2 protein chains.
Amino acid sequence: MPTFNSESLEPLFYPTSIALAGITVDNPQHWTRTFLDSLLEFQFEGPLYLVNPKGGEIRGIKVYRRFADIPQDVDYVISTVPAKAAPGLIEECAHKGVKAVHFCTAGFSEIGEEEGARLEAQLADLSRRTGIRIIGPNCMGIYCPGSRMSFNTDFPKESGPVGFISQSGGNTGGLIRRVMSRGVRFSKVISYGNACDLNESDFLEYLASDPETTIIGLYIEGIKDGRRFRQALEKAAREKVIVLLKGGITEGGARAAASHTGSLAGSERIWDSLCKHLGIIQVHSLEEFADLLVTLRFMSDAGGRRVALIGGGGGSSVLIADEFERSGLQVPPITQEMRDRIREFTPIAGNILRNPIDYSQNMTEPEKLLRTIHIISQWEGIDFLILFLDLAWVPLSVMDLVHKIIDGMLAESGAALKPIAIVVLIDISPEQVEKVYPFVQKCSSSELPVYYSFASAANAINLVLSRNEKVLGTLQT
Amino acid sequence: MPTFNSESLEPLFYPTSIALAGITVDNPQHWTRTFLDSLLEFQFEGPLYLVNPKGGEIRGIKVYRRFADIPQDVDYVISTVPAKAAPGLIEECAHKGVKAVHFCTAGFSEIGEEEGARLEAQLADLSRRTGIRIIGPNCMGIYCPGSRMSFNTDFPKESGPVGFISQSGGNTGGLIRRVMSRGVRFSKVISYGNACDLNESDFLEYLASDPETTIIGLYIEGIKDGRRFRQALEKAAREKVIVLLKGGITEGGARAAASHTGSLAGSERIWDSLCKHLGIIQVHSLEEFADLLVTLRFMSDAGGRRVALIGGGGGSSVLIADEFERSGLQVPPITQEMRDRIREFTPIAGNILRNPIDYSQNMTEPEKLLRTIHIISQWEGIDFLILFLDLAWVPLSVMDLVHKIIDGMLAESGAALKPIAIVVLIDISPEQVEKVYPFVQKCSSSELPVYYSFASAANAINLVLSRNEKVLGTLQT
């Protein structure tokens, strides 16, 4: 019987060798190939063993017909064998010193039929008897760039401070990919599915004490042990920032969750109140989740709610001011003295010099806009700045100017400017995205937060500020 | 003194000749060139006259040094002369039979200084004295594909049933471009700015009686005559579907509106109650506006709130069901009999066969998914279907399958299927957008509504249904 403390999970994220059981030999496009392709792409350093009754060779690596044929001990197993073969695999693993098995395959309790539930109970029982820890079944397992483990070839190879525990494999990839181009990187990510052995509480306890992780994301459909999870959440929330997306909060969503990971979802009210009480940021979609991670990574130093909005477009100025104030942020008018200073080099016709500041007519003169940003940034009346740019259908010549603006901002020492976020409005067409994408990448690689709409920026920044105010308030009392 | 009825506006949208006063001669990149470039791109059929004191030639067209030098009468004038030269231009126009002048230039009442306000009052006075109608100042004027008038080269050349009246030029282009690739086309679009003569009520009355227009969009910062506007809105709402984005509903937004178009914005509460009372759909961003237009164009026949959600991904299934039920739509479970019929050809492991229906494991077999869609579509328990597809980071081979699914759906006669909307989740990177964009275009050109997130689809469909229920309710009582 293994100890169930969080330290015991460390080996799962740093295995010395990995066996892929059930990988297809014939079809390179088959989904069971994704694990091998990813481990090779990430250059996993330990030995890789492949197992399939057909034998043969894949990408120059020998395929063993039986698990028992592997000549060495194996540390970690990724299994894509059919559900009914899963229990037998654990028995074999027990003779090879295996510490953990990740069962990817579906067809267990989530299908809502007796045979699946029986098989899953059998796995849990075998885990307890053999001491082999199980991730899953019905999940994508571990992505840990630090140990070169991944389940998709296109995930970033660099590590970052965000840990993510997700009951859904699809939503795991969905979140990672949504923030990749916006500069967010991960420490450890676990897609854990039906959780017949290791569950959300195990992984949460582990990430709470993981020094590499400062932000924890959670996508949860149902919990296995409410009391333990609440304790784990309380402890984690004291030490890390937590963002939670609860799936299955409606009747339809809960029905989907039951069929997806065999989960009982629990009421929305309970989750709302738990998050509020513990200072956990609750989100309702992957898009919102992505915006929150971007904000926590690159905008967490906005010390208050007062924002200066600077950008291009009169109509945009009106709408962004509405969005920010509707979200509970403040857009204070600039002083007459500052207005006069900016007017010295800025014509008023076609521009708005209040707050928002619409610099439409002078966007072609980046040095003037930079001077304006500098003046506004010195002002004690605001806590942070937003630069908003409508980049739908801009000519390439304008993109050059936009790059100059960012280059100029980045050239100023960080201390000279208040925190700045970028909102770019883009059109989702190939020629437009091709033009704007390098700009987004430049901002992101310079740790500037990038958002794609006024509403998403305002909402995410407000949620982070509200969380910080709550935590600060708790500390003060 | 001209009559101020809406019929008198018809000539503005179908001018027989256009003069461009103030166009730059030297710099082809200058913003004053956009009107000529657009009229040439759209192949405007009447004579085009160019006026600039420098004289010369632009793109093979003679430039007159003075307006008076134009040998013929002129029907319509687009002016980019500086604010202080605007009154003089009207005097000249009065001798040339001009019906209307669109003043693009800024620098009038919106700058909040005496000189600008005085100039604008002078324009209004000259309009009354000469009978020449004025659009603007400080706006982009008219886009009317039917008469080949446009102020941007990239707007669609085909007409459609959506009229749009917008106080902001930037938001005008912003909305048109957001719905272009999603299949929405326009009848008449007016960017009207400071409205010193023709205002929102004139254009609203005109579009309300325009047979080409069935949907009216409004972006308004402030209104000139509240009583008249309310009457115009009431009349228009009886005959057309209206979507309203009110800019300047917060203190910061109202300050921006005052500086943008010299408008006094009015309180949020009044606008909310007016919209509710008249069955007008109120939106709060251009993104939401775009989703509403797509829904009104291609999804207005969803006769009720019961939806079947079919697509790929267990986690996506949970989240889309939550979004739709949170938005007030209903996701009823399918019957056991239907489930059995689908199970005859669909394995249950890795799929969800309830509602939502997650077809993940069989997405590679389009004919099976089509059969499932067909079975669900016959069911009287639902009013419409959503097909949701996570197309972030799909290989091209999968895009081929996705095209086959849509081709199959389109091949069925429309009557065989209930209304269907498509939700595609995409990653905003050049290589991904390039893959997915042809698919979006195929759907849009076949009049299938396309959305880019679960939340935006659920929200827009709910707002249209709520509006229809309200209007139906009013008719029944």
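Predicted model: local features only at pLDDT ≥ 70, side-chain atom pairs only at ≥ 80, totals over all residues.
Angles under 35 degrees between two axes count as roughly parallel. For chain A, the mean pLDDT is 92, with 96% of its residues at 70 or more.

In chain B, the axes of helix α14, residues 396-411, and α15 come within 10 Å and cross at roughly 5°. That is under 35 degrees, so α14(B) and α15(B) are roughly parallel to each other. Which residues make the contact? From α14(B) they are Leu396(B), Met399(B), Val402(B), His403(B) and Ile406(B), and from α15(B) they are Lys435(B), Phe439(B), Lys442(B) and Cys443(B). Sorted by class, this helix contact has six nonpolar, one polar and two charged residues.

Next, the place where the two chains meet. Chain B gives 64 residues to the contact, and chain A gives 64 residues. On the side of chain B that touches chain A, the elements giving two or more residues are α5 (169-180), α8 (251-261), α11 (314-326), α15 (430-445) and α16 (454-476). So which of them has the largest share? It is α11(B), with twelve residues. The class count for this side of chain B is 25 nonpolar, 24 polar and 15 charged residues.

Now please turn to the sheet in chain B. Six strands make up an open sheet with mixed pairing, in the order β8-β10-β9-β11-β12-β13.

Ile165(B) has Ile190(B) of β10(B) opposite it. Across β9, β10 and β11 (215-220) of chain B lies α5(B), which runs at about 155° to β10(B).

One last stop: Gln378(B), in helix α13 (residues 366-378) of chain B. Is Gln378(B) buried or exposed? There are 12 other C-beta atoms within 10 Å, so Gln378(B) is exposed. Its C-alpha atom is separated by 56 Å from that of Pro47(B), a residue 331 residues apart from Gln378(B) along the chain.

Methods. Residues numbered from 1 in each chain as written. Chains lettered and ligands numbered in written order. Contact = placed C-beta atoms within 7 Å. Helix = DSSP H or I, 4+ residues; strand = E, 2+ residues; numbered from the N terminus. Nonpolar A, V, L, I, M, F, W, Y, C, P; charged D, E, K, R; others polar. Pairing = 2+ DSSP bridges. Axes fitted to C-alpha atoms, helices over the stretch in contact; angles between N-to-C directions. pLDDT = per-residue confidence, 0-100. Buried ≥ 20, exposed ≤ 12 C-beta atoms within 10 Å, placed from the backbone. Parallel < 35°, antiparallel > 145°, perpendicular 65-115°, else oblique.
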